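Dear colleague,

Please find below the structure that I am handing over to you. I should be grateful if you would look through it alongside the findings that follow.

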Amino acid sequence: MGRRHPSTAAGRAFRSRHLRRRPGGGDRPVVTYHTWALRTVALAKQVPREDLAGDLDANGRLHRNPVDQEMNPFCRRAVAQAVRFAQDTGGHSTVITMGPPSATDVVREALAWGADRGLHVCDPALAGADCLVTARALAAAIRLQGAVDLIAVGRNSVDGDTAAIGPMIAQLLGIPFVGPVLFVGPHHGMPGARTLQVRLQLDGAVEDIRITLPAVIAVAERSCTPAKAPREAWPEPEQVRVLTTRDLGKGPWGAASPTRVRAVRTAASTRGGAVFDHHDTARNVAEAVRILDDRGALQPGGTHADSGATPAVPRAAAGPQRYTLLAAVGDNTGPGSRALLGEAAALAERVGAQVVALAPAEHARQLARWGADEVLAASRYDAGPLAAALARNPGLPPWAVLGPASPWGRELLARLAATWNAGLLSDVVELGLREPQPGNGTTSQSAPRIIGGKPCGTRHIAEIDTRSDTQIVTLRTGCFAPRRPRTDGTPIPVSSISVTQQTGVERLTRSTEDDYDALDRAEVVIGVGRGVEPTDYGRLNPLQVALGAELAATRRVTDATWLPHARQVGVTARTIAPRLYIATGISGSPLHMAGLGRAGTILAINIDPTAEIFAHSDAGIVGDWREVLPLLTEEIAQHLPRSPEKRQ
């Protein structure tokens, strides 16, 4: 299919090379799609250049300097997959972005990569649009394209990390959603059916799934070569069609967003300790270990983020409650679920609500100790069908829904927000309430509203509150200390909800990728960055054994498949709270450090004395980690408590 836009000579030359090498990787096998001619859409977002936090105004909107903006790194994979499928099947690809005038550059780059059409949703009426309004606008733009087979979105965005747009659009369009997708290709098991086989990269597991088109897929980091084209190859801005709200139809649009930024504050740094840069490496190590020892970081059960008077889970209130708070636990009742229910119970106590845990009935007694007042057991926990079943439940929607910021929790709660026209607070790290305020001589009768603090760029915390009757929140559960459980074992009521099997999605196989809860349980974690080659991981073993430590990684390490995705820590992955974190060969990107806010003590080892990691650490050693680690292992061994047998 010929391109529908003129281009420069540089652009023609780039596309010629690009088409010959086939987007998605030169080693990708040639596949057969029978007589398919897929119409694909990729959604791409403009974000601050990777590892730049960006600055916010008082309304929580980014100050956008076009020079410092780029296509969201995860959206680059979505563009590459959408273009690939269209080219392989003789179909047609469209790339859509939404944002200020500068965002047209995102579409220009996608056109240079090989997309057939580019659309830019841009209108002052969309200013301040939250996830729900953004999803509505993008869904309207997709409908204007007629029948679409495949909609590709990035796994998440590096600035907001909501991962909500894909599930919301799927809900609004009434089609399946799957993600994060590591591999996608044709499935030939059903002749005549337009089906794809995808491999999902989940938390600690990999699933193979068959989906029937149309569908929305969220593309994972390692799925393909990202779409990147040199600026000189981009077509002129006039080749991008601009859509306004007049094209999209009647709103409500930006000003009607059910969430709004209440305030923005700078995230205070609580670290920045001593950095040892003597010529004597042994001296550097000894002084750093002394700090670790003084802080109790080397003692099991020693000083860490959750030390002191850990609050208890409030007791269940007697009698009927005014509100219902639904805690979406799902069928994974690990440490994160305990933190989730503890926060739900604390919030419920303040507003007079009962906590209903959406979880298997067999865990009822344990869930009660963690904060549940009732259990709602589902017959299955697939996010799409479960959202549909909850929407039909006559006792819902509740006053609020809390869930984990996991792929499952994000999809379920995003779908519920789209269904109930509710405000969605994503990846919350702090939780509070906004009480009703007197107005016009009378007191508002509306329920208290949830305020959710979330990392915004990582240098700022945005305090966001809701304006809808139902408030929906995904929590980064690793940012919340698990509360002391209730001591009584009083049985709690259990009810059930029937969930039908999802049409268009068939799960084929599931394999465990890693022990996902290992990092949640670990008291000591050794983090590795690109400064540690995978062939050298064996050198970490003596220190791991001495401390009983687990390995964690930055996104660049998991992108390179050096460690499983389940080991990734950061704003686009998970948050952990060990008493000691040893950062080895890590530069200190804010995107990674955002996952370590509750770590008790951080020790950094880096050969560069100006590395940003030292500003986020309690102690730092300047030096080559290969030289430092053997000395560190030996020095730490002298400070570790000895067992009674060894003392004898």
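This is a predicted model: local features need pLDDT of at least 70, side-chain atom pairs count only at pLDDT 80 or more; totals for chains, interfaces and linings use all residues.

Helix pair α10 and α11

Helix α10 covers residues 383-392 and helix α11 covers residues 407-420; their axes come within 9 Å and cross at roughly 35 degrees. The crossing of α10 past α11 is right-handed. On the α10 side, the residues in contact are Ala383, Gly384, Leu386, Ala387, Leu390 and Ala391. They meet Trp408, Glu411, Leu412, Arg415, Leu416, Thr419 and Trp420 of α11. By class, this contact comprises 9 nonpolar, 2 polar and 2 charged residues.

Helix α16

Helix α16 runs over residues 625-639. Its 15 residues, at 1.5 Å a residue, should span 21 Å, and the end C-alpha atoms lie 20 Å apart, so the two values agree. Buried in α16 are Trp625, Val628, Leu629, Leu632, Thr633, Glu635 and Ile636. In an α-helix there are 3.6 residues a turn, so residues three or four places apart point the same way.

Cysteines

A search of the whole structure gives 0 disulfides. Cysteine 131 has a relative accessible area of 16% and therefore counts as buried, the cut-off being under 20%. Cysteine 224, at 12% relative accessibility, is buried by that cut-off as well.

Yours sincerely

Notes: Residues are numbered from 1 along each chain as its sequence is written. Side-chain values use heavy atoms; hydrogens and water are left out. Axes are lines fitted to C-alpha atoms, for helices over the stretch in contact, and angles run from 0 to 180 degrees between N-to-C directions. Helices (H or I, at least four residues) and strands (E, at least two) are DSSP runs, numbered from the N terminus. A crossing is left-handed if the near helix is turned anticlockwise from the far one by less than a right angle, and right-handed if clockwise. Contact means heavy atoms within 4.5 Å. Ala, Val, Leu, Ile, Met, Phe, Trp, Tyr, Cys and Pro count as nonpolar, Asp, Glu, Lys and Arg as charged, and the others, Gly among them, as polar. A disulfide is a pair of cysteine sulfur atoms within 2.5 Å. Buried means under 20% relative accessible area, exposed over 50%, partly exposed in between (1.4 Å probe, protein chains only). The expected span of a helix is 1.5 Å times one less than its number of residues.
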